[in-house]
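Colleague: I'm new to this one, could you walk me through it?
Modeller: Gladly, here it is.

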Amino acid sequence: MRMDRRRALALFGAGTAAVGGPAAAQDRPVRFDHGVASGDPTADRVILWTRITPMDPSAGSISYEWSLNPVDRMAGGAKSGRGTTSASRDFTVKVDVGGLDAGRAYTFTFTSNGVTSPMGRTRTLPEGPVEDAVLAIASCALYPGGYFNAYQAIADLPRVDVVLHLGDYIYEYAADGYGAETGRKLNRLVRPAHEIVTLSDYRNRHAQVKTDPQLQAAHARAPWIVVWDDHETANNAWVGGAENHKPDQGSWNRRKAAAIKAYYEWMPIREPDGGGFSIHRAFEFGDLATLFMLETRITARDEQLDYAVDLNGPDGKPDVARFRWRLADPERRMMGPAQADWLRRGLANSVRTGRTWQVLGNEVIMARVGVPDIRAETEPARLEAAMARMGPGGAARLERMSGMASLGLPYGLDMWDGYPADRQRLYGLIQKAKANAVVVSGDSHAFWANELFDAPEGGTRVAVEFGTTAVTSPGAGDILTDIPVGEIFARTNREVVYSNQAAKGFVLLTLGRTEGKAEMVAVSTILDTSFTTRVLKTFTFTPGPDGVSGLAEA
């Protein structure tokens with residue numbers, strides 16, 4: 001199906017700036033430039049969100065009204081209210097509406113000073129018997145990297161109950177940084193132009209990203225359940241710092257707090273009681289599934305190991321034994337003990353109460369993925385063409401990868417592979433509960449279908465994993481063009497069933513009572529807003545008394 005952003009922003013009036021259209025709004029005191037959104041649905045509550053843009057920069061507080069109405073128009077169920085917002089929260093609005101009916105669809109709008117927002121659609125989660133649930137899973141939307149066609153494709157789905165966003169909703173880089181070459185071509189350079197560090201910076205970056213009409217359409221289509229990854233703060237973040245945070249940028253704790261304050265203001269998420277960063281939380285889809293959203297980035301994660309710093313010994317040569325010893329340190333954590341205990345109790349309760357599926361919403365790839373020897377796995381003619389396209393540094397890069405492959409080391413130290421002891425603890429929780437675990441992951445800018453085992457060789461299958469590719473951010477296949485990188489990952493790694501390292505899009509996950517299905521949905525381009533979609537691969541899996549089955553290609 002062919003799509004274009006000039007089409008009506010889907011569904012429910014999304015994309016209209018105000019009653020009377022953009023021209024009429026110019027003489028009004030406020031605008032709704034950033035659309036509407038909803039999120040964190042439960043059986044009786046949902047968060048409604050918008051941002052009111054004042055025409056007067058010195059505006060104090062702004063009053064607003066909101067209304068929510070059942071789509072079925074049956075008597076009862078409408079809700080409304082009013083409130084104020086101000087510069088203290090960047091004029092964003094977040095309303096936690098309670099007393100709703102389970103499994104019911106609603107439309108909602110905001111009104112301020114006679115101006116009405118676009119209309120959004122949301123729904124509560126169901127209670128009791130549920131036949132199926134449909135979740136769209138997205139990640140990694142680099143604004144200068146291309147058009148957000150994947151978001152538009154999600155908005156155009158005939159059915160989507162919830163959108164899961166697994167992080168990297170924004171990126172912190174400057175306008176001359178990551179993605180700048182494409183951004184200049186498309187006139188999508190980021191604002192502010194410098195790397196974002198302060199509260200004002202993070203607010204402005206969120207504001208720019210949410211002016212995108214395709215993103216607004218996806219937010220208006222269905223409720224979102226979100227978690228941050230690293231770029232909402234800074235690249236390769238951990239509890240005490242980040243790879244992309246330097247001493248001259250001030251206190252990491254101050255920067256982290258500013259970034260998360262802006263995130264809470266601009267995202268449709270229910271904030272933790274008492275504030276803080278602990279956003280792990282669970283959602284029940286009736287008697288069908290429990291979704292556990294994990295936070296593995298800034299509440300407890302230990303600093304990542306770095307091959308450039310940690311692999312070589314005092315003589316400058318690789319000390320693989322020492323590196324493996326450090327990697328396997330049981331004290332190294334992705335999740336803290338409190339979150340692990342919460343997950344233990346939640347998994348046990350979900351299985352005990354008869355729910356079919358236990359879904360883990362997770363920022364980074366969980367499977368064991370070793371560095372592949374690209375040179376050895378690629379036919380000579382394709383390898384030569386790839387190195388020519390990569391330029392003078394291409395051969396050196398592939399030489400380094402071959403060297404790493406010969407050592408049998410992990411592909412990504414920022415993934416769960418960098419914390420193998422904590423991954424084993426997590427696997428133990430799944431196995432003890434006898435959960436039918438489905439892991440969904442972001443971050444890698446690639447599609448993955450993985451089977452997770454509790455030992456590198458042999459062992460027992462613990463879960464299946466589906467990694468969603470990026471909305472726009474470049475993957476390994478965009479760099480190593482002419483080389484089937486995904487095929488090589490699958491051929492050389494036991495746990496990888498399928499990978500595509502270049503396609504952009506999202507995963508559509510359908511959970512039924514006797515079978516689950518994951519579709520890898522790709523968009524044809526991110527360089528033009530006219531695009532098509534196609535399903536690259538579909539995998540099915542089934543629940544069992546001792547855990548989920550392996551993957552079958554449909």
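**A walk through the model**

Modeller: Let me start with N236, which lies in the loop between β14 and β15, where helices (H or I, at least four residues) and strands (E, at least two) are DSSP runs, numbered from the N terminus. This is a predicted model, in which local features need pLDDT of at least 70, side-chain atom pairs count only at pLDDT 80 or more, and totals for chains, interfaces and linings use all residues. Residues are numbered from 1 along each chain as its sequence is written, and side-chain values use heavy atoms, with hydrogens and water left out.

Colleague: What is phi of N236 near, then?
Modeller: Phi of N236 is near 55 degrees, which is a positive value in a residue other than glycine. Most residues other than glycine have a negative phi, and most peptide bonds are trans. N236 is partly exposed, with a relative accessible area of 23%; buried means under 20%, exposed over 50% and partly exposed in between, using a 1.4 Å probe and protein chains only.

Colleague: Where is T233, and is it buried or exposed?
Modeller: T233 lies in the loop between β14 (224–226) and β15 (237–238), and T233 is buried, with a relative accessible area of 1%. Leaving aside neighbours within four places in sequence, T233 is in contact (heavy atoms within 4.5 Å) with residues including E172, Y202, W252 and R255.

Colleague: How many aromatic pairs are there?
Modeller: A search of the whole structure finds 19 aromatic pairs, where rings of Phe, Tyr and Trp (its six-membered ring) pair if their centres lie within 6.5 Å, and planes under 30 degrees apart count as stacked, over 60 as edge-to-face and the rest as tilted. W228 and Y264 form one that is tilted, at 6.0 Å centre to centre with 55 degrees between the planes. W228 is in the loop between β14 and β15 while Y264 is in helix α6 (residues 252–266), so the pair ties together parts that are 36 residues apart in sequence. Both W228 and Y264 are buried.
Modeller: F292 and W342 form an edge-to-face pair, 5.8 Å centre to centre with 80 degrees between the planes. That pair links distant parts of the chain, with F292 in strand β18 (residues 289–293) and W342 in helix α9 (residues 337–352), 50 residues apart.

Colleague: Changing topic, why is α4 largely enclosed?
Modeller: Eight of the 11 residues of helix α4 (residues 199–209) are buried, so the rest of the structure largely encloses it. The buried residues of α4, among them Y202, R205 and H206, pack against α5 (213–221) and α6.

Colleague: And how do α11 and α12 pack?
Modeller: Helix α11 (residues 380–390) and helix α12 (residues 393–407) pack at an angle of about 120 degrees, with their axes 7 Å apart. Axes are lines fitted to C-alpha atoms, for helices over the stretch in contact, and angles run from 0 to 180 degrees between N-to-C directions. The contact is made by L383, M387 and M390 of α11 and by G394, A395, R397 and L398 of α12.

Colleague: Where does pLDDT stay under 50?
Modeller: It stays under 50 over residues 1–27, pLDDT being the predictor's confidence in each residue, from 0 to 100. Where pLDDT is low, the predicted coordinates should not be read in detail. The protein chain averages a pLDDT of 93, and 95% of the residues score at least 70.
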